Amino acid sequence: MTAIDARITAEATTTVPSPFPPIAQYAFLSDCHTGALIAPDGSVDWLCVPAFDSPSVFGSLLDREAGMFRFGPYSIAHPTARVYRPGTNVLETTWRTTSGWLLVTDALIVGPREGACVVTPHTRPPADNDAAHLLVRTAVCLNGQVELELVCEPGFDYGRTPAAWALAADDPCVAATVNGEPNLRLGSDLPLGIEGTRIRGRHVLHAGERAYCVLSWADPSATPPGSAQAHAMIEATTEYWRTWLAGARIPDHRWRDPLQRSALVIKGLTYMPTGATVAALTTSLPETPGGERNWDYRYTWMRDTTFTLKALHWLNLEWEAEEFMQFVADVEPTEDGSLQIMYGIDGRRDLPESTRDDLSGYEGAHPVRVGNAAFDQRQNDVYGAVLASILLHTRHSRRLPRRLWPIVVSQAECATNVWQQPDQGIWEARGEPQHYVSSKLMCWVALDRAATLAGIRGDNTRAETWRDTAEQIRADILAHGVTERGVLRQHYGTDSLDASTLLAVLFGFLPPDDERLRNTVEAIADDLTEHGYVLRYRTDQTDDGMSGKEGTFLICSFWLVSALAAVGQLDRARDMMERLLTIASPLGLYAEEFDAEAGRHLGNFPQAFSHLALIEAAGRIILAEVLQEL
Ligand SMILES: OC[C@H]1O[C@H](O[C@H]2O[C@H](CO)[C@@H](O)[C@H](O)[C@H]2O)[C@H](O)[C@@H](O)[C@@H]1O
């Protein structure tokens, strides 16, 4: 049992139990088109089909009436153990009942691709493996006998539309229709009955006996696979993940498991048809319990994805970088040539935000948002994030693809034009625009990396111009962005701290022995932490346009580990890393935030930001340890 597990258990026994499982108790499955969250009781509480950003069909995560799909022993809610098959996103749950033991295996199926692929402007050449658009759940009775139960009650369109079920005429499965159109098919070797809007099945399995069910959404008129095929598909999916992971260079270190899990989460959040990565699987898991800080993260932020690629480079995973670079080359910029700060996973630009007032929200946190109004915000860090990625990719692949050069030019020009202007900042504050230090810092990164890329291309004129602008930005930040104590400030109008200034260390804005850099790292470690975990800023000192106090931000805590390692405080970095590893969910996953007081995860889950920062932090410490030994 991890520390957080123990705290959650203690909490559950002392307060009124919530009908919602703690966020960190969910297991994550993915087929790189969509993902599912499975509650400890075996219920799929979150699944959007066919893609990450589609409306949910199982939405109990946000409202207990918005759809669920349980497959597990009758009348038992607590499994004995839940683990991923090593090196995969395939989940195994072991149940002990009074009469026997049961093992349930769950996977969203990825396997050898069949048939033609639909071509859209953002579609990459088809990979050898692809999603089969199937959720397969198998059960085997390990000992004694166990009564297995299946309950499937979809709620289409975030629970708004219940299913109308019908037995399929030609095969042993049931089909759910919405507005008369077939939508889902459920196949199983359990005897199934239709009870209004739900399907229920129950059957006693004896030692050695197996059962399965398959939910399919790709072609609702096609017969779902039978038992043997379903079991084979779980093996193929296991193979798929292990083969993918084998391509990563993960050091033989005591942190190998969290590194592998983080890589698998990040890959699982990647949308295979375009190479775009969603920031997290979910929408509206609250950052403040019961509060309004609830956001839809099922989109691609240029910042999040470029930071993700930086992390994947640490693990030598180049293919994903290649894919995302193509996505960047394909997306439509805005009228002034700048990239939007975020896009849909299919490259669409418009992500209007609405609220779903018919949903209760996770533990009553309102509103539930679909879409994200930040899509047309001005956030000046985006150019630096993209150009840093292009340079990294160019260095690793030893070439600067011709398609990317116009992007280098346009983004460098955008950074040149905007660096003096205020913006909403990296945290997408919904208050007044400010002169955020981290935004200007990332404009410096944009021009610095662009100058290097121009040098590689042999364009010395541009290299020189961009280098000059980078120096002007640096001088401006050092003149206006440093407090009297010699610490980088949040924005030019305040002395408050902001963890995003740690990017100065991570992107090499100043040499690691620079006093201002060291002061900033010290100040954040000492004054911007709660129980040793890092806040992104103090909500009582920052007008971010929202009410309520949020938890500590996990990416910021991992950034501090990286920064401590970079400025030579290796012991402190290592201690903090070890502490952060103890608060992972029982399956090694991280949400966006950690409520250090209550010891629970908050915000969307699992969150790429947290996992990518874990990889970089571990990578920096491991590298420093190796260098120390030389
Ligand atoms: O806190 C306000 C903002 O919160 C979200 O943004 C955060 O998540 C983004 C995706 O991971 C990340 O790129 C950003 O840096 C974070 O602040 C939300 O998406 C915004 O709409 C909201 O204003």
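A polar contact, in what I'm about to show, is a pair of N or O atoms within 3.5 Å. Keep that cut-off in mind, everyone, as we look at this predicted model.

With I426 we turn to the backbone: one of its N or O atoms lies 2.6 Å from an oxygen of the ligand. As for how much of the ligand is covered, on its own it exposes 480 Å², and the protein buries 99% of that area.

Now, where does the ligand sit? You'll find it in the largest cavity. Around it are 15 residues, and the closest are R303, D304, N372, I426 and E428. What is the shell made of? Eight of its residues are nonpolar, two are polar and five are charged.

Let me finish with a residue I'd like you to find on your screens, R536. Look in the loop between β24 (533-534) and β25 (552-553), and there is R536. Is R536 buried or exposed? It is buried, because its relative accessible area is 7%, and the cut-off for buried is under 20%. Its side chain has a partner, too: R536 makes a polar contact with the side chain of E550, at 2.7 Å.

Key:
Residues are numbered from 1 along each chain as its sequence is written. This is a predicted model: local features need pLDDT of at least 70, side-chain atom pairs count only at pLDDT 80 or more; totals for chains, interfaces and linings use all residues. Side-chain values use heavy atoms; hydrogens and water are left out. A residue is near a molecule or strand if one of its heavy atoms lies within 4 Å of it. A polar contact is a pair of N or O atoms within 3.5 Å; within protein, one must be able to donate a hydrogen and the other to accept it, and residues adjacent in sequence count only if both atoms are side-chain atoms. Accessible areas come from the Shrake-Rupley method with a 1.4 Å probe; for residues, only the protein chains shown count as cover. On a 1 Å grid over the protein atoms alone, a cavity is a set of points where a 1.4 Å probe fits but cannot get out, and a pocket is an open set with protein on both sides within 12 Å along at least five of seven lines; lining residues have an atom within 4 Å of a point. A molecule sits in a cavity or pocket if more than half of its atoms lie within 2 Å of its grid points. Ala, Val, Leu, Ile, Met, Phe, Trp, Tyr, Cys and Pro count as nonpolar, Asp, Glu, Lys and Arg as charged, and the others, Gly among them, as polar. Helices (H or I, at least four residues) and strands (E, at least two) are DSSP runs, numbered from the N terminus. Buried means under 20% relative accessible area, exposed over 50%, partly exposed in between (1.4 Å probe, protein chains only).
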